[in-house]
Amino acid sequence: MKLSALLISLASVAAFAQDAAAEQPQGSTMGAFLPLILMFVVMWFFFIRPKNKEMKQQEAMRKALKKGDKVMTTAGIIGVVTNIDETSTQITIRTGSTTLIDFEKAAVLRVLNAETKPAETKTEEKK
């Protein structure tokens, strides 16, 4: 949804730049492209760069998975990692006492026990 709004705003900026260029004499082509260049820079800082950082963090988290980690998948299933196949991209997650489900590593949304460790250390420091 953000992409469509962004494309609409880019189209309106391009139309505005064309109207402004039509009113001005033909001498400044750089001035006509300046709004487009500025919009690209703004898009890069607010949309592309943060998404790339998030993807790198997700990939690092998936590479750091180990047996015994409590994870949440993109489907909302919470379980404990019991097996990691290093040759492929599959992991096995135990969701109940005997239920084992195979997932792709890309299906892991976040590691839950990593989020609880800082809270535990903060409470221990206060005591």
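This is a predicted model: local features need pLDDT of at least 70, side-chain atom pairs count only at pLDDT 80 or more; totals for chains, interfaces and linings use all residues.
Biologist: What makes up the chain, in helices and strands?

Modeller: There are three helices and five strands, in the order α-α-β-β-β-β-β-α along the sequence. Both kinds are DSSP runs, numbered from the N terminus: helices are H or I with at least four residues, strands are E with at least two.

Biologist: How do you know that S1 and S2 pair?

Modeller: Pairing takes at least two DSSP bridges between two strands. S1 (residues 70–73) and S2 (residues 78–84) are joined by three and run antiparallel, so they qualify. Lysine 70 sits opposite valine 80 in S2. The two strands make a hairpin with four residues between them, and glycine 76 in that turn has a positive phi of about 90 degrees.

Biologist: And what joins S3 to its partners, S2 and S4?

Modeller: Four bridges join S2 to S3 (residues 90–94), and five join S3 to S4 (residues 100–104). Both pairs run antiparallel. Isoleucine 93 in S3 stands opposite valine 81, and its bridge partner in S4 is isoleucine 101. S2 and S3 form a hairpin with five residues between them, and another hairpin joins S3 to S4 through five residues.

Biologist: Why is threonine 73 called buried?

Modeller: Buried means under 20% relative accessible area, exposed means over 50%, and partly exposed is in between (1.4 Å probe, protein chains only). Threonine 73 has 1%, so it counts as buried. It's in strand S1, and it touches Ile93, Phe103, Ala107, Val108 and Leu109, leaving out residues up to four places away in sequence. Contact here means heavy atoms within 4.5 Å.

Biologist: What makes a group of residues a nonpolar core?

Modeller: They must be buried Ala, Val, Leu, Ile, Met, Phe, Trp, Tyr or Cys, joined through side-chain atoms within 4.5 Å. The largest core has eleven residues, among them Met61, Leu65, Val81, Ile91 and Phe103. S2, S3 and strand S5 (108–111) each supply at least two of its residues. In soluble globular proteins, nonpolar side chains tend to be buried together.

Biologist: How do you know where helix H2 kinks?

Modeller: The bend at a residue is the angle between axes fitted to the seven residues ending there and the seven starting there. In H2 there's a kink of about 45 degrees centred on tryptophan 44. H2 (residues 29–63) still reaches 48 Å from first to last C-alpha, close to the 51 Å expected at 1.5 Å a residue; that expected span is 1.5 Å times one less than the number of residues. Its buried residues are Met43, Met61 and Arg62.

Note on methods: Residues are numbered from 1 along each chain as its sequence is written. Side-chain values use heavy atoms; hydrogens and water are left out.
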